[in-house]
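The report below walks through one protein chain, from individual positions to the overall arrangement. Please keep the sequence and the model in view while reading.

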Amino acid sequence: MGLEILSGDAYSEASRPPMERIREALSDLPAYDLARLPEKWERAGSAVTIKLGPSLFQYGERIGKAYAEALGAGSVLADVSGVSGEFRLPDMRLLYGEGGESVKTENGIRYSYDVTKVMFASGNLEERRRMERLDCAGETVVDMFCGIGYFTLPIARFAGARCVLACEKNPDSYRFLLENIKLNGVEGTVIPMLGDNRAIPGAHFADRILMGYVQTTSEFLPKARELAKPGCIIHYHDTFPVGVQDERVRRIFSEVFGEDGYEVLGIREVKSFAPSVSHYVADVRVRRSARFRPSRRS
Ligand SMILES: C[S@@+](CC[C@H](N)C(=O)[O-])C[C@H]1O[C@@H](n2cnc3c(N)ncnc32)[C@H](O)[C@@H]1O
């Protein structure tokens, strides 16, 4: 047929698809379990996390070793039940390797964290990118739920903010925030604060406020109103049934700012959260005419 047979690197052991090598290493597992090996994983630097069905935990260490070798990872962890609670704590089981501490590089930002102690929402990637493209020249930004610096770091590094006040309540996340501020050379821009954001001192000084938290976010809106300057932009995250997000955002903001006290600039879907429910972010400008009266709730 006029074709030539070539052989070379394309057929080397290292270039074989990882799943092929993982299945081979575990080929003595019962067919039922072999068919349930996860084909997706998440990387956090040298740590890899996978989701395992209940029948697979009995082979935990062997599975961890097979994934570590095929993916060149230092440790492999099983994500048991996602994140939960006020601090969004992960539930991870170490299958193989030293532990979950690692450095993940994304969009030129280095995030040091421990996957067993703090969350990292890979689904919020586009929102982290959007934050770094904002024009925050000369602004004072408040990140009310900064975690390890998910949004604080892109804004401080790339968006030109004058200063970012980054507040985090979980001491484990705060420790990584401090490390990440140094790793990314933004010591001159980020002011870290350990504690509850409702204790942030001062009033009407923020040009921009990030509210990267979902489900109980509206409880913190009176505090955001207290921090906001007239004209401030609030990036408000929350979950809503798909289709009602516009109405729900307006209802929540009207209650705190009054019907004429704000302007919705846009609402975008960050990711799917549950069947027919999505995580949204609303960009809302506080009107200069908003009445900055003491809140009923704060
Ligand atoms: C969901 S995480 C941040 C998610 C992040 N925006 C992302 O893109 O992945 C929210 C963080 O807010 C912190 N937090 C919760 N309540 C808080 C409060 N009242 N004050 C300060 N931080 C708080 C949690 O500990 C957690 O680290």
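## An exposed loop position

Threonine 216 counts as exposed because it has 9 C-beta neighbours inside 10 Å, where a residue is called buried if 20 or more other C-beta atoms lie within 10 Å of its own, exposed if 12 or fewer, and partly exposed in between, with C-beta atoms placed from the backbone. Threonine 216 is found in the loop between β10 (206–211) and α7 (221–227); helices (H or I, at least four residues) and strands (E, at least two) are DSSP runs numbered from the N terminus. Its C-alpha atom is separated by 44 Å from that of leucine 29, a residue 187 places away along the chain.

## Basis of the model

This is a predicted model, in which local features need pLDDT of at least 70 and side-chain atom pairs count only at pLDDT 80 or more, while totals for chains, interfaces and linings use all residues. Residues are numbered from 1 along each chain as its sequence is written.

## Overall arrangement

The chain contains 8 helices and 13 strands, and its C-alpha trace spans about 75 × 50 × 40 Å along the principal axes. Of the 298 residues in the chain, 37% are buried. The chain is divided into domain 1 (9–99) and domain 2 (122–286), with bounds that come from an automatic or database domain assignment, and the C-alpha centres of domain 1 and domain 2 lie 33 Å apart.

## The nonpolar core

The largest nonpolar core has 74 residues, and those with the most contacts inside it include Tyr67, Met144, Ile209 and Ile234; such a core is a set of buried Ala, Val, Leu, Ile, Met, Phe, Trp, Tyr and Cys residues joined through C-beta atoms within 7 Å. Strand β11 (residues 228–241) gives the most to this core, with 6 residues, and the core draws at least three residues from each of domain 1 (9–99) and domain 2 (122–286).

Isoleucine 234 touches Ile209, Met211, Ala224, Ala228, Val284 and Val286, not counting residues up to four places away in sequence, a contact being two residues whose C-beta atoms, placed from the backbone, lie within 7 Å.

## Alanine 78

Alanine 78 lies in strand β3 (residues 75–84) and is buried because 20 other C-beta atoms lie within 10 Å. Leaving out residues up to four places away in sequence, alanine 78 touches Ile50, Leu52, Gly60, Met92, Arg93 and Leu95. The C-alpha atoms of alanine 78 and isoleucine 50 are separated by 5.0 Å, although these residues are 28 apart along the chain.

## Two residues with positive phi

Most residues other than glycine have a negative phi, and most peptide bonds are trans. Arginine 88 is not a glycine, yet has a positive phi of about 55 degrees; arginine 88 is found in the loop between β3 and β4 (89–96) and is partly exposed, with 18 other C-beta atoms within 10 Å.

Serine 276 also has a positive phi, near 65 degrees, in a residue other than glycine. Serine 276 lies in the loop between β12 (262–274) and β13 (277–286), and serine 276 is exposed, with 9 other C-beta atoms within 10 Å.
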